[in-house]
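Good morning. Please have the picture open while I talk.

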Amino acid sequence: MKPEEIQITDWLRIVLGEAPWSFLLEVVIRIAFIYLVLMLSMRAMGKRMSGMLSRTEMAALVSLAAANGVAMMDPSRGILPIVIIAAVVVGIERLIAWRTTQNARLERDFLDDMDILVKDGCLQLDLMERTRITQQRLFAQFRHENILNLGKVQRTYLEANGAFTILQFQEKRAGLSLVPDIDPELRNDQENAQGKWACRCCGFVLNHLEEPSGPCPNCGQNSWGQAIES
């Protein structure tokens, strides 16, 4: 379209574009066909597509969506290539899924491995930095699981699919409070662990009568808070 043909008051062009009104009916047919192809493709890739996606499954889904978008709106594009694209994407995804079940090393290469973000109430800061998981993101996950004491967390695994698996101690443990500073009322309701202080950076608990003045022996930071017990 030439620049002089673009008029701000040309509402028909703005709403419909350059296609005729009959193309609206064709859009309905295209969308129905593409929806059917997507549903069959996701069905062929297995039940995992309706759950939390792995990297390869996410790549397959994005590839299908990108390929279908143009054919859905462009009258000059046919819908047969969609079937071919879907067949190729599904074939590659099923091949990867089959190969990764046969080879554990290949599975780690494609899907990545799990990481341990918390051990015995202490944050593994080096792994959190490598996986780009912030302290606030992790604490929010704990609060969502109704965990308000970091010392109660025995292990936190970051699974290969990005999900968190949290294991807790059953007995009482001293640890860093996970109640945010904006809620001092709830924080004051928690039971303090007398003679115990928790590093605000990693959660390491130190036995000390008064607030420590030196760096944390676990992470080297110098930021302490009263540990709680629950």
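The protein has eight helices and eight strands. Keep in mind that this is a predicted model. The chain has 230 residues, and 30% of them count as buried. The accessible surface is about 14,800 Å². Carbon and sulfur atoms account for 57% of that surface.

Next, contacts along the chain. Take the contacts between residues at least 6 apart in sequence: 55% of these join residues at least 24 apart.

In what order do the four strands of the open sheet lie? The order is 5-8-6-7, and the pairing is antiparallel. At the edges are strand 5, residues 174-175, and strand 7, residues 205-207. Each of these edge strands pairs on one side only.

Look at one of the pairings in detail. Strand 6 covers residues 192-199, and three bridges join it to strand 7. The two strands run antiparallel. If you want a pair to find on the screen, take Ala-198, whose bridge partner in strand 7 is Val-205.

Now a single residue, Asp-115. It lies in strand 1, which spans residues 115-119. Is Asp-115 buried or exposed? Its relative accessibility is 11%, and the cut-off for buried is under 20%, so Asp-115 counts as buried. What does the side chain of Asp-115 make a polar contact with? The partner is the side chain of Arg-130, at 2.4 Å. Leaving out residues up to four places away in sequence, Asp-115 touches Leu-127, Arg-130, Thr-131, Thr-156, Tyr-157 and Leu-158. Arg-130 is therefore on the list of residues touched as well as being the polar partner.

Last, the pockets. Rolling a probe the size of a water molecule over the atoms shows where empty space is left. In this model, the largest pocket holds about 340 Å³ of space. How many residues line the largest pocket? There are 16, and those nearest its centre are Ser-177, Val-179, Pro-180, Asp-181 and Arg-200.

Which elements supply at least two residues each to that lining? They are helix 7, residues 135-144, helix 8, residues 184-189, and strand 8, residues 224-229. Helix 7 gives the largest share, with four residues.

Key: Residues numbered from 1 in each chain as written. Predicted model: local features only at pLDDT ≥ 70, side-chain atom pairs only at ≥ 80, totals over all residues. Heavy atoms only, no water. Pairing = 2+ DSSP bridges. Buried < 20%, exposed > 50% of the residue type's maximum accessible area, 1.4 Å probe, protein only. Contact = heavy atoms within 4.5 Å. Areas by Shrake-Rupley, 256 points an atom, 1.4 Å probe, with all protein chains shown as cover. Polar contact = N/O pair within 3.5 Å; in protein donor to acceptor, adjacent residues only side chain to side chain. 1 Å grid on protein atoms, 1.4 Å probe; cavity = no way out; pocket = protein on both sides within 12 Å on 5 of 7 lines; lining within 4 Å. Points joined across faces, edges and corners; volume = space filled by probe spheres on them.
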